[in-house]
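Subject: Structure for your review

Hello,

Here is the structure I said I would pass on. My notes on the pocket and the ligand follow it.

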Amino acid sequence: MAAELMDGRAVAARVRQEVADGVAELVAQGGRAPGLATVLVGDDPASDVYVRNKRRACVAVGMVDLHRRLPADATQQQVDDVLDRLAEDREVSAILLQLPLPDHLDADALLDRIPSDKDVDGLTVTNAGRLAHGRPGLRPCTPAGVERLLDEYGVPLAGAKAAVIGRSVLVGRPMAQLLLARDATVTLCHSRTKDLAADTREADVLVVAAGVPGLVGADAIRPGAAVIDVGIYRGESGLHGDVRFSGAREVAGLITPVPGGVGPMTIAMLLANTLQAARLQQHLPLVLP
Ligand code: NAD
């Protein structure tokens, strides 16, 4: 029997509605509307589209768009200055430094300037450390979106065997930490893993974030597993993921499509994180996700 599709668009729409309600409530209680500062350096066309979508989504839920754009030849000092001003600005709840940056800039040094309570991508060392220690904090949007999708589809995590492919700071590592925090037994696979399929075939929950189109086929999936494909690759016939979808669908129990799976969740969780950040700064308890 073909796997059930996990509809990221539908779940993301619910999250966005929750955030819009949360923003309205915050403002009705006399709080400030959350402000999201996206910082884009240079003119990479893909980054341009991503940032435009984030800005639109932020305005659509009643937040304030505080975008900053710098030229491709901006110096480290110029980007530092922009980030420092945003860090101090009370209107700015959340700062998102769009990656990748031009090669001459030191991304880690720039991320270090973002205060942890405005670090809406959960990429600072402080927020990564909080996650690793099981303490509250802002979580990276894509793995947080995957967790929400798994919850929406009732996938049990406590005691489950989970495998994550990819160990990036943005996706794979925090994904493994989030699953561990939910009491899954987690195997973190990467480019040096000896027998990838042997590890992934054990998994009740498989999250694939390698950026290698078609890396995972039906032979690497445990029958009935929940398979989450984070990969995005634009081929001649449209968007594809890291999972060979048609074969995988015959084996898995649940599976995300590409597009329409994880992608919409990332922006929805960015909005949820921005609301969290605004509430943190206004000394209100966390409510979402
Ligand atoms: P990355 O290149 O930083 O990391 C890729 C990871 O995959 C590395 O840790 C590497 O060890 C591992 N890997 C590479 N080849 C492998 C192989 N053959 N076998 C096993 N592991 C292998 O990428 P990233 O930023 O983590 O993104 C991963 C993918 O997810 C990309 O396709 C990216 O476009 C996509 N992505 C999607 C969203 C979304 O919203 N849907 C968000 C972020 C990233």
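A polar contact here is a pair of N or O atoms within 3.5 Å. With that cut-off, an oxygen atom of the ligand sits 2.8 Å from a polar backbone atom of Arg167. Please keep in mind that this is a predicted model.

A side-chain N or O atom of Thr266 is 2.7 Å from an oxygen atom of the ligand. On its own the ligand exposes 860 Å², of which the protein buries 70%. In total, 21 residues surround the ligand, and Arg167, Ser168, His190, Val230 and Thr266 are the closest.

Now the largest pocket. Its space comes to about 1300 Å³. The lining has 44 residues, and those closest to the centre of the pocket are Tyr50, Val230, Ile232, Gly263 and Thr266. Two or more lining residues come from each of helix 2 (45-60), strand 5 (94-97), helix 6 (141-152), strand 10 (233-235) and helix 10 (262-281). By residue type, the lining has 26 nonpolar, 11 polar and 7 charged residues.

As for domains, the assignment for the chain gives domain 1 (31-123) and domain 2 (141-263). Their C-alpha centres are 28 Å apart. Each of domain 1 and domain 2 supplies at least three residues to the lining of the largest pocket.

Regards

Conventions:
Residues are numbered from 1 along each chain as its sequence is written. This is a predicted model: local features need pLDDT of at least 70, side-chain atom pairs count only at pLDDT 80 or more; totals for chains, interfaces and linings use all residues. Side-chain values use heavy atoms; hydrogens and water are left out. On a 1 Å grid over the protein atoms alone, a cavity is a set of points where a 1.4 Å probe fits but cannot get out, and a pocket is an open set with protein on both sides within 12 Å along at least five of seven lines; lining residues have an atom within 4 Å of a point. Grid points are joined across faces, edges and corners, and a volume is the space filled by probe spheres set on the points. Helices (H or I, at least four residues) and strands (E, at least two) are DSSP runs, numbered from the N terminus. Ala, Val, Leu, Ile, Met, Phe, Trp, Tyr, Cys and Pro count as nonpolar, Asp, Glu, Lys and Arg as charged, and the others, Gly among them, as polar. Domain bounds come from an automatic or database domain assignment. A residue is near a molecule or strand if one of its heavy atoms lies within 4 Å of it. A polar contact is a pair of N or O atoms within 3.5 Å; within protein, one must be able to donate a hydrogen and the other to accept it, and residues adjacent in sequence count only if both atoms are side-chain atoms. Accessible areas come from the Shrake-Rupley method with a 1.4 Å probe; for residues, only the protein chains shown count as cover.
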